[in-house]
Structures are given as structure tokens and as C-alpha cells.
Amino acid sequence: MKKINCFIPYQDPDSVAQTIASLRESTLTGTIYLLYTQQKPQVAGCETIQVDNMQSTQMVRQIAERATGNYTLIYTKATPLQLGQFALERLLHVADDSGAGMVYADYYQLIDGERKALPVIDYQQGSVRDDFNFGSVQLYCSKALREAVGGMQIDYEFAGLYDLRLRVSQRHEIFHLNEFLYTEIEDDKRKSGEKQFDYVDPKNRAVQLEMEQACTEHLKQIGAYREPDFKTVDFDEEIFPVEASVIIPVRNRVKTIADAIQSVLSQETKFVFNLIIIDNHSTDGTTELIAKFAKQDERIIHLIPARQDLGIGGCWNEGVHHAGCGKFAVQLDSDDVYSSPATLQTMVDAFYTQQCAMVIGSYTMTNFAMQTIPPGLIDHKEWTPENGRNNALRINGLGAPRAFYTPVLREIKVPNTSYGEDYALGLRISREYQIGRVYQSVYLCRRWDENSDAALDIAKINTYNTYKDKLRTLEMEARKQLNR
């Protein structure tokens with residue numbers, strides 16, 4: 001009979017006892033290994049492995065040495081695991097039938113005693129972000145696992161498991177089974193909008209640098225890595241009515257649009273600029289408020305599109321292709337404001353000093369009253385001129401505010417979506433051009449209950465993540481073709 005060797009983290013004795021009991025309900029369970037970092041546990045019928053932490057290459061190597069069964073199960077949480085009826089049997093049969101290197105499944109979360117379904121998404125080539133959700137149960141083909149570990153040349157403290165699944169994916173399928181096979185306890189009860197900035201929290205920077213290194217090595221191995229060789233930008237190829245245009249797409253933001261407009265009009269620059277507001281058929285008084293500002297200041301261009309099918313990206317296209325658009329198009333969301341009167345000058349100066357087709361600034365997280373909230377400054381300092389274009393494939397966002405050289409943006413076009421359109425542009429532009437960075441805070445990003453991403457349900461989160469993974473897949477294929 002095929003056996004599954006199981007590796008589970010040891011922290012709380014009661015929790016691990018429940019997990020062990022659940023695993024032993026199946027006749028497929030082979031040796032159970034307890035992974036511990038400090039005091040050696042004494043649990044009858046289990047073997048122990050001391051590791052430096054639960055994410056390291058050292059831990060992965062120790063698992064590989066003991067992956068003697070046909071399959072290896074890695075459980076990644078310390079809370080109790082409750083396997084569903086014949087869950088291990090189902091995972092093993094699917095692994096056999098698919099020939100996959102790793103199989104994962106949908107699951108349930110237990111939050112405050114309430115069981116909630118948590119479907120996950122299919123893995124694809126572009127699923128290279130390090131926070132991809134496999135759930136906490138991952139079943140590896142032991143041969144594929146050992147093969148992947150055998151090729152590891154860098155020892156990571158934090159990126160060992162990430163490196164493992166990237167390497168497995170290079171030669172084997174990672175298979176998603178759309179069945180709910182287990183229940184895990186979830187302790188993180190934050191809303192989606194509170195979780196999404198964890199990866200740029202400064203305290204996680206050491207982790208992020210390791211993840212970048214692992215991802216970069218993966219891109220090199222599959223032929224999608226881009227050398228730091230960029231197209232030059234000719235800023236004199238066209239004549240524009242103004243040097244820069246601030247672009248604000250908006251729909252029903254009567255509570256915030258005045259602050260955004262005033263922050264633009266207060267900009268102090270050495271050049272002429274204007275403000276193009278694309279009012280996407282607002283119904284809450286936003287339209288009238290914008291019209292009032294436009295009557296008072298001729299720098300404001302108030303556009304109401306004829307089309308009824310525009311998302312944020314489509315509104316950007318309306319603004320960028322307008323005859324009044326300047327040489328540089330600079331983003332401002334209708335919820336947010338520039339942090340000082342020098343923001344626009346700073347962003348435009350960066351184009352010339354860094355010779356780039358796109359500039360991304362840094363922003364400070366605030367509440368609605370514009371008081372700083374954690375994690376505070378988000379500057380993406382992990383971005384480097386040499387490797388930013390590669391690391392962009394790993395992370396879920398590139399920062400704000402974003403500014404573009406208008407001829408490049410007009411050529412590429414903005415995807416007509418209301419999520420991920422900015423990320424799509426960053427990937428596409430970085431394929432060929434340098435992206436400049438401003439690491440000082442020039443933007444205030446306001447978080448409040450009416451943000452479009454404040455509290456997303458799992459269906460919407462999965463839709464958004466699938467779309468971004470698809471963007472990465474397309475971009476990686478395009479970069480492979482360029483490299484060939």
C-alpha cells in the first residue's frame with residue numbers, strides 16, 4: 001500500500017494531538033514527523049525533527065531526507081487540522097491520476113466556531129507571488145520533492161518552502177482539486193483591506209528580499225528573467241499642450257473628490273499642468289461638485305464619457321487620449337490626496353533624471369482624517385533599477401502614485417478593468433523600459449469603509465488574484481519570447 005509521510009509543526013501539545021488523531025484515521029498515513037524549533041516534544045508514535053524555523057531551506061532539506069514514502073504531506077499551520085472523510089485517500093488518488101508534483105484542495109475555515117467554505121484558485125505559470133494560497137495541506141509527490149530539493153543551491157531562512165514549490169512547478173504540474181477536503185482554524189480575522197499591505201510592511205523586508213532572490217532564480221531557470229537592458233526614452237518626440245496632466249477617474253465619491261481636486265490645484269510647479277477628471281456617470285452629487293470646481297479653474301477638464309461600459313482603466317484611456325493631455329500623465333485616486341505641493345514637480349523631475357517611461361512614488365497609509373496608520377510609509381525600497389522588472393512579477397502591487405510618459409501609455413492602452421489595470425501597465429512597461437522610483441512619501445492613501453477593496457468576499461478575492469496571476473502568465477510568456 002502506498003504511504004504518506006506527514007510533516008507537521010509542533011507548538012501546542014493539544015493542537016498537535018488533534019492533528020495527529022485526524023491523520024491516523026487513515027490507513028495511508030505513514031510516519032508522522034513533528035517539526036520543532038526549541039524544546040523536543042515527546043509524543044508516542046511520532047518522530048521529531050529540530051528545525052531553525054518553519055519556512056527555511058534547512059527544514060525542507062530535512063523533509064526531503066525523510067520523504068521515503070510515495071507521497072509527502074506538509075501541514076503548514078500550528079492549529080488543529082480536521083481532515084474530511086477519506087481526504088488523504090482522495091488526495092492520493094488525484095495525485096496518482098494526474099501525475100502532479102503537488103496537489104492541494106479547497107478547505108473550510110473555522111472562525112469563532114463557525115465553519116466557512118474557502119475555495120482557492122488554480123495554479124498557473126504566473127502564480128509566482130509568494131503568498132499564493134494553497135491552504136495548509138500540501139501533498140507532494142516524494143520523487144518530485146526530492147528532485148526539487150536536490151537542485152537547491154541557496155539556503156534561505158524564510159523562502160525555503162517558496163523555493164520548493166517554484167522548483168517543483170518547473171517540471172511538474174501543481175494540481176488544484178476543487179473539493180473541500182479539510183478544516184483549519186483561522187486566527188487572522190482582519191478584513192481583506194487590512195491584510196493586503198502585509199508584504200510591504202518594513203518589518204518584513206528581510207523576508208521580502210529572500211523571496212525576491214528565490215523568484216529571480218526561478219525566472220532565470222525558466223527563461224523569463226530580463227537583464228537590466230532598457231529602451232531609451234525620447235521626451236521630445238511629440239509636442240503637448242502642457243507638461244503634465246493629473247488623471248482622476250471617479251464615480252460617486254462626493255465625500256472625497258473635493259480634497260483630491262484641491263490637492264492638485266495647490267501643486268507648485270515650474271511648468272504648466274492641468275487636471276483631467278473622468279466622471280464615470282456619478283449619481284451622488286460628484287458630477288455637480290466637479291462642475292463647480294471646473295467653472296472656477298480653467299486647468300480642470302471635466303469629462304463625462306459617452307460610453308457606459310468603462311472601468312477605471314477605460315476612464316484612464318479617455319483621459320490619456322484626450323487632446324488636452326500633457327506629456328506626462330500622473331495618477332491620483334479620487335479617495336486620496338498628494339502629500340505636499342511639491343508632489344507633481346517631484347514626479348515629473350524623476351522622468352528626466354532617471355530616463356524612464358514610468359515613475360512610481362511612495363505613499364503613506366492614513367485613515368479618513370489623514371492621520372497615519374500602520375504600516376505607515378510604503379516605499380517599495382526592495383525595488384532596484386537592476387531587478388525591479390523581475391521582482392514586479394512576484395509582488396501584488398507596485399506602489400503609488402503612478403506616472404506615465406503619455407506616448408508609451410497611448411501605444412500600450414490601459415486594460416478596461418477596475419482592478420489590476422495599473423499592475424498590468426507596470427508589468428508591460430517594465431518589460432522594455434526602466435521604471436523610475438521616488439522613495440519619499442508624496443501621496444496619502446486613505447483607508448476607509450468605502451474603499452473598493454476594504455472588505456472583499458472570497459469570491460471577489462479569488463477573481464482578482466486569478467486575474468493578476470493571468471497577467472503574470474502573459475507577461476512571463478512575452479518575456480520568454482523576447483529572450484529567445
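A residue counts as buried when its relative accessible area is under 20%. The exercises below use this cut-off on a predicted model.

**Exercise 1. Which residues of α7 are buried, and what do the buried residues pack against?**

Solution. 
- Step 1: Locate the helix. Helix α7 covers residues 205-222, which is 18 residues.
- Step 2: Apply the cut-off. Q208, E210, M211, E212, A214, C215, T216, H218 and L219 are buried.
- Step 3: Look for partners. These buried residues pack against α5 (160-171), α12 (388-391) and α15 (458-483).

**Exercise 2. How are the axes of α5 and α7 arranged: roughly parallel or roughly antiparallel?**

Solution. 
- Step 1: Take the axes. Those of α5 and α7 come within 10 Å and cross at roughly 10°.
- Step 2: Compare with the cut-off. Angles under 35 degrees count as roughly parallel, so α5 is roughly parallel to α7.
- Step 3: List the contact. From α5 come Y162, D163, L166, R167, S169 and Q170; from α7 come M211, A214, C215, H218, Q221 and I222.
- Step 4: Sort by class. The contact holds six nonpolar, four polar and two charged residues.

**Exercise 3. Describe helix α11 and the residue just after it**.

Solution. 
- Step 1: Check the span. The twelve residues of α11 (343-354) reach 16 Å from first C-alpha to last, close to the 16 Å expected.
- Step 2: Find the buried residues. They are T343, L344, Q345, T346, M347, V348, A350 and F351.

Key: Residues are numbered from 1 along each chain as its sequence is written. This is a predicted model: local features need pLDDT of at least 70, side-chain atom pairs count only at pLDDT 80 or more; totals for chains, interfaces and linings use all residues. Side-chain values use heavy atoms; hydrogens and water are left out. Helices (H or I, at least four residues) and strands (E, at least two) are DSSP runs, numbered from the N terminus. The expected span of a helix is 1.5 Å times one less than its number of residues. Buried means under 20% relative accessible area, exposed over 50%, partly exposed in between (1.4 Å probe, protein chains only). Contact means heavy atoms within 4.5 Å. Axes are lines fitted to C-alpha atoms, for helices over the stretch in contact, and angles run from 0 to 180 degrees between N-to-C directions. Angles under 35 degrees count as roughly parallel, over 145 as roughly antiparallel, 65 to 115 as roughly perpendicular and the rest as oblique. Ala, Val, Leu, Ile, Met, Phe, Trp, Tyr, Cys and Pro count as nonpolar, Asp, Glu, Lys and Arg as charged, and the others, Gly among them, as polar.
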